Amino acid sequence: MIMNRIIPFLFLILCIACFEKKNYTSPPGYDLNNPQKFIMPQTLEEISGIEFYKGSPDTLYAQQDEEGVLFRLQPGDTRPLRCRFAKNGDYEDLAICNDWVIMLKSNGNLYVFPFSEAGQEKAEHVTEFKELLPEGEFEGMYADEQQDLLYVLCKQGCSNKKDKTSKGFILQLLPDGSLAQKGAFTIDVKEIEARVKEKFNFHPAALAFNSRTAEWFVVSSVNKLLVITDPSWKVKQVHRLNPSIYIQSEGIVFDKDGNLYISNEGNELSRGNMLKIPYTGK
């Protein structure tokens, strides 16, 4: 009698699991549901931003949201090298653009120093830029090395509550490492809602441009979504992320071969990690 009750229950659970798995779609050329996982050292349990120099995946540059430190390691290392650039604080992303390192604080402050100092214990020539970005909370940043542009995406606080858009800002990186305002852009949240058939407040955490497909990839950890837009920020695809894999995704980057990497903060049950999703072509 007990088995007669258990078997239908297990069958129901299996059906639900299969149905849920089908909901976790992937963009062409990538399989988001079968990534390769790299466990981060304990010091990077709260890993957020990730970056490669010139797209080379041999060395990972990363930061976490408590220390004013740039971490440097090879995937699999247990002891990353450290370069302090500022006091402790809530740092959310980083970019490397034509031999300059740019670090983003959650309040919109930016810290710039020469990439040549990334290998030192302390960066000696750091410039802090305040008030280039409006009041709000910022988590995502991407550097376009071809045009020396920084794209910074606001997580929340930059839009009117009635305005269903996610706002971003463009900064120009000058040859001397200084920054200047260049423009702005928006993502229409209503286009995202239409694809997932659900209304919500969109809170993007990271962005990167895929040069292989000429598309923007935007990750929202809160919403467990990967949003893909065209170069003009028009939404093309929306993919739900499996929460058992993408626990708290706050970093995204592509390497020179088009492979996708997404970082996840750790929690009480798991360590921070970086996921590699190989590019297989369309």
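Which residue takes a positive phi in the hairpin of E10 and E11? In this predicted model, the residue is Asp148, with a phi near 55°, and the hairpin has four residues between its strands. Strands (E, at least two residues) and helices (H or I, at least four residues) are DSSP runs numbered from the N terminus.

Residues are numbered from 1 along each chain as its sequence is written, and side-chain values use heavy atoms, with hydrogens and water left out. Because the model is predicted, local features need pLDDT of at least 70 and side-chain atom pairs count only at pLDDT 80 or more, while totals for chains, interfaces and linings use all residues. The protein chain has an average pLDDT (the predictor's confidence in each residue, from 0 to 100) of 91, and 91% of the residues score at least 70. Residues 1–21 have a pLDDT below 50, and this stretch makes one contact (heavy atoms within 4.5 Å) beyond near neighbours in sequence.

Strands E2 (residues 47–53) and E3 (residues 56–64) run antiparallel and are joined by four bridges. Glu51 lies opposite Tyr61 of E3. Two residues separate the strands of this hairpin, in which Lys54 has a positive phi near 55°. E3 also pairs with strand E4 (residues 69–73), in the antiparallel sense and over three bridges; here Ala62 has Phe71 of E4 as its bridge partner. The hairpin of E3 and E4 has four residues between its strands.

E11 has antiparallel pairings with E10, through seven bridges, and with E12, through five bridges. Phe138 is the bridge partner of Cys154 in E11, and Leu150 is that of Leu171 in E12. Seven of the eight residues of E11 are buried (under 20% relative accessible area, with a 1.4 Å probe and protein chains only), so this strand is largely enclosed by the rest of the structure.

Leaving aside residues up to four places away in sequence, Leu179 touches Leu110, Val112, Phe129, Leu132, Leu150, Leu171, Gln172 and Leu173.

In helix H2 (residues 189–196), the residues Val189, Ile192, Glu193 and Val196 are buried. Their directions from the helix axis to the C-beta atoms fall within an arc of 100°, so they line one face of the helix. These buried residues pack against strands E12 (165–173), E13 (179–188), E16 (225–229) and E17 (235–240). At the start of H2, a side-chain oxygen of Asp188 is within 2.9 Å of the backbone nitrogen of Lys190. Lys197, which follows H2, has a positive phi near 55°.

Val196 has a relative accessible area of 13%. Its contacts, not counting residues up to four places away in sequence, include Leu225, Val238 and Arg240. The C-alpha atoms of Val196 and Ile252 are separated by 22 Å, and the two residues are 56 residues apart along the chain.

Key. Pairing = 2+ DSSP bridges. Buried < 20%, exposed > 50% of the residue type's maximum accessible area, 1.4 Å probe, protein only. Polar contact = N/O pair within 3.5 Å; in protein donor to acceptor, adjacent residues only side chain to side chain.
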